Structures are given as C-alpha cells and as structure tokens.
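Subject: Structure for your review

Dear colleague,

Please find below the structure that I am handing over to you.

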There are 2 protein chains.
Amino acid sequence: MPTTDPTLTFRPATRDDLPAIVALLANDPLGAQRENHVLPLPRSYEDAFAAIDRDPNNELVVVDTPEHRVAGVLQLTRIPHITYQGGWRAQIEGVRVASALRSSGIGRQLFLWAIERARAAGCHLVQLTSDKARPDAIRFYEGLGFRASHEGMKLHLDRPVRD
Amino acid sequence: MPTTDPTLTFRPATRDDLPAIVALLANDPLGAQRENHVLPLPRSYEDAFAAIDRDPNNELVVVDTPEHRVAGVLQLTRIPHITYQGGWRAQIEGVRVASALRSSGIGRQLFLWAIERARAAGCHLVQLTSDKARPDAIRFYEGLGFRASHEGMKLHLDRPVRD
C-alpha cells in the first residue's frame with residue numbers, strides 16, 4: 001500500500017494558486033521557453049484555469065507542505081473512450097515540483113495520490129507523455145510502473161501541415 | 001492547401017454508428033484483444049458513447065464514402081491546459097480505417113480534416129500516442145508532420161502500482 005506522508009496536503013487548486021502554479025511551470029529549462037510568468041498573469045492563464053475549473057473531468061491538483069504552499073502541481077484529465085470496451089482513461093500533464101523539493105519524494109507521493117484518484121474514478125489506465133529530453137522524468141515514471149509502450153507524437157499548429 | 005476528395009463525408013458520429021465503429025476497432029490485431037464486438041453491444045460502449053456525446057470537448061468523427069458508411073473513425077478531444085500559457089490541445093485517439101480501404105488515402109484525409117478542425121477550435125497542438133508495435137502508423141503520422149518527441153507512457157490499473 002502507498003504510505004503517504006501525513007504532513008502533505010493534496011487538494012484541487014483554487015484561482016489563488018494560479019500565480020504559484022505558473023511560477024512552478026516556468027522554473028524549468030523547457031518551461032522557461034514556453035511560459036510567461038509576469039504579474040498580473042496573462043489573461044490566457046486565467047481563461048485556461050476557468051475552463052479546467054468548470055469541467056468535471058479536468059482537475060488541477062496541488063500539494064502543500066507545512067513550509068511550502070503549492071510545492072507541486074499536476075493536471076488530471078478523465079477522458080471517455082470507445083476503445084477498451086468504452087473505458088475511461090486518466091491523463092496526467094503539467095507535472096512540476098518546486099526545485100528545492102525535487103528528489104524529496106513529494107513528486108512520487110503526488111503521483112500515487114493521483115493514480116489512486118484515477119482508479120477511484122473508474123479509470124482503467126493512467127497515461128502521460130514525457131519529453132525524450134527528460135530522461136530523469138522517464139525513469140521516475142518507469143519507477144511507478146509506467147511503460148513507454150507508445151510514441152508520444154506532437155504536431156505544433158504554428159507549423160504548416162505537410163500536404 | 002489540403003485537397004479533400006469531394007466524395008468523402010466527414011461528420012460527428014451518431015448512436016446508430018456505434019456498432020460499425022466497434023466493428024472497425026475490433027478488426028485489428030491489437031483491437032481484437034481489447035474489444036468485444038457482439039450484438040447487442042455491451043452496455044459499456046453505450047455509456048462511453050453517451051459520455052462523449054454530451055461533452056462539448058469530445059467528439060467521435062467518422063468518414064463515409066459513397067459505398068461505405070463509417071469507412072473510418074477517430075476521437076478528437078480538446079483539453080485546456082495551464083502549460084503553454086494556457087493553451088488548448090487537441091488529442092486524437094481510437095483511429096481506424098476499414099481494412100478494405102487502408103492505404104487508399106482516406107486515413108490521411110480524415111486526419112487533415114481533424115487537424116483543421118482542431119486549428120479552427122483554437123488548439124495550438126495536436127497530439128496522439130501510437131503503439132510502438134505499429135511502425136506503419138508511426139510513419140503515417142510522421143508523414144503528416146507529427147514528431148515522436150515524447151515517450152507515450154501507460155500504466156494499466158489492473159496491475160498494482162509499485163510502491
């Protein structure tokens with residue numbers, strides 16, 4: 001059974017957490033190229049938070065420690081599919097732990113919590129994609145039992161589709 | 001510009017298409033192990049169809065030819081994220097073309113249609129995962145401009161999480 005540190009609090013994010021979440025996402029070599037952590041936050045972040053917040057199948061989850069509010073974050077999305085006899089999947093995206101707390105086990109606790117939440121919500125599968133430029137992350141997921149059975153393929157729409 | 005065969009019809013699936021969709025999904029070496037194409041269909045397929053149908057961010061798309069109703073299928077899901085400054089992504093899953101029509105170009109037309117639909121809906125990225133046991137599919141996606149930049153990682157919840 002997962003043993004969870006009782007000092008950690010896992011909870012859905014609120015609007016007040018959004019600046020701290022964006023700061024976490026931006027504090028990363030890949031995230032730094034993609035995010036724009038200025039205050040007030042760009043409106044696009046507010047709009048995305050509102051869209052996630054009103055969707056019962058989408059959830060931003062944060063973890064607090066006694067010393068550090070929003071020590072980690074991930075997004076959990078439930079998706080119904082016809083495949084696997086109409087099975088629901090849980091998808092995880094936007095995972096980040098505060099740099100001072102990496103390798104402390106908080107990321108693993110956050111994942112174990114999210115996996116149990118997906119199981120309790122009736123999902124048969126948890127999936128995510130991890131950039132091949134993040135070998136440490138891939139090992140972390142493998143350590144949780146994830147298998148890199150698939151290619152994670154991306155098409156950025158600012159580039160023209162080949163036709 | 002994509003040139004679309006004018007005899008093809010792309011449309012959202014209806015409940016009446018569901019048996020044909022399940023038949024397509026089951027007619028495949030991997031799908032045959034996962035699906036249960038009996039009539040009447042297992043209730044789980046009906047429930048998943050209803051969940052997709054009522055979710056404005058989820059869509060089952062089929063393509064008809066003059067001779068073949070439901071010649072191909074895919075599921076298109078729009079997901080709001082905080083990452084990429086609050087960007088929406090489109091995700092594609094459950095892609096299948098009738099075996100008699102594979103390599104006819106219908107799959108490519110269906111994808112080009114879905115990619116344009118994602119772009120029109122404001123998504124900045126289209127993503128999918130493809131089983132590494134399907135090298136032909138991976139080449140097909142690369143030919144559309146997708147890059148296998150990520151590992152597609154799966155955790156089946158019938159197996160215990162390592163702890």
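The notes that follow set out what was found, beginning with the two chains together and ending with single residues.

Please keep in mind throughout that this is a predicted model.

The relation between the chains

Chain A can be superposed on chain B by a turn of 180° with a shift of 0.0 Å along the axis, and the RMSD is then 0.0 Å. This is the relation of a two-fold axis. The same surface is used by both copies, since 100% of the contact residues of chain A recur in chain B. Which residue of chain A comes closest to the rotation axis? It is Gly152(A), whose C-alpha is 2.2 Å from the axis.

The interface

In the contact between the chains, 74 residues of chain A meet 74 residues of chain B. Together the two chains bury about 6,900 Å², and 56% of this area is on carbon and sulfur atoms. The interface also holds 38 residue pairs in polar contact, with both residues at pLDDT 80 or more. On the side of chain A that touches chain B, the element that gives the most is strand 6 (residues 147-156), with 10 residues. The residues of that side of chain A comprise 33 nonpolar, 23 polar and 18 charged ones.

Salt bridges

Side chains of opposite charge can pair when their charged atoms come close. Over all chains, 26 salt bridges are found in the whole structure, and 2 salt bridges cross the interface of chain A and chain B. Arg89(B) and Glu93(A) form a salt bridge through their side chains, with 3.1 Å from N to O.

Within chain A, the side chains of Asp17(A) and Arg69(A) form another salt bridge, at 3.0 Å from N to O. Asp17(A) is in the loop between strand 1 (9-12) and helix 1 (18-26), while Arg69(A) is in the loop between strand 2 and strand 3, so this pair ties together parts of chain A that are 52 residues apart in sequence.

Features of the backbone

Most residues other than glycine have a negative phi, and most peptide bonds are trans.

- The peptide bond from Leu39(A) to Pro40(A) is cis, with omega near -5°. Pro40(A) belongs to the loop between helix 2 (31-34) and helix 3 (43-54) of chain A.
- In chain B, Leu39(B) and Pro40(B) are joined by a cis peptide bond, with omega about -5°. Pro40(B) is in the loop between helix 2 (31-34) and helix 3 (43-54) of chain B.
- Val70(A) is not a glycine, yet its phi is positive, at about 55°. Val70(A) sits in the loop between strand 2 (58-64) and strand 3 (72-80) of chain A.

The surroundings of one residue

Finally, please look at Glu59(A), which is part of strand 2 of chain A. The side chain of Glu59(A) makes a polar contact of 2.7 Å with the side chain of Arg117(A). Beyond its neighbours within four places in sequence, Glu59(A) is in contact with residues including Pro12(A), Ile52(A) and Leu74(A).

Yours sincerely

Notes:
Residues are numbered from 1 along each chain as its sequence is written. Chains are lettered from A and ligands numbered from 1 in the order in which they are written. This is a predicted model: local features need pLDDT of at least 70, side-chain atom pairs count only at pLDDT 80 or more; totals for chains, interfaces and linings use all residues. Side-chain values use heavy atoms; hydrogens and water are left out. Contact means heavy atoms within 4.5 Å. Buried area is the accessible area (1.4 Å probe) that two parts lose on being put together, summed over both. A salt bridge is a side-chain nitrogen of Lys or Arg within 4 Å of a carboxyl oxygen of Asp or Glu. A polar contact is a pair of N or O atoms within 3.5 Å; within protein, one must be able to donate a hydrogen and the other to accept it, and residues adjacent in sequence count only if both atoms are side-chain atoms. Helices (H or I, at least four residues) and strands (E, at least two) are DSSP runs, numbered from the N terminus. Ala, Val, Leu, Ile, Met, Phe, Trp, Tyr, Cys and Pro count as nonpolar, Asp, Glu, Lys and Arg as charged, and the others, Gly among them, as polar. Copies are superposed by least squares on the C-alpha atoms of residues with pLDDT of at least 70 in both.
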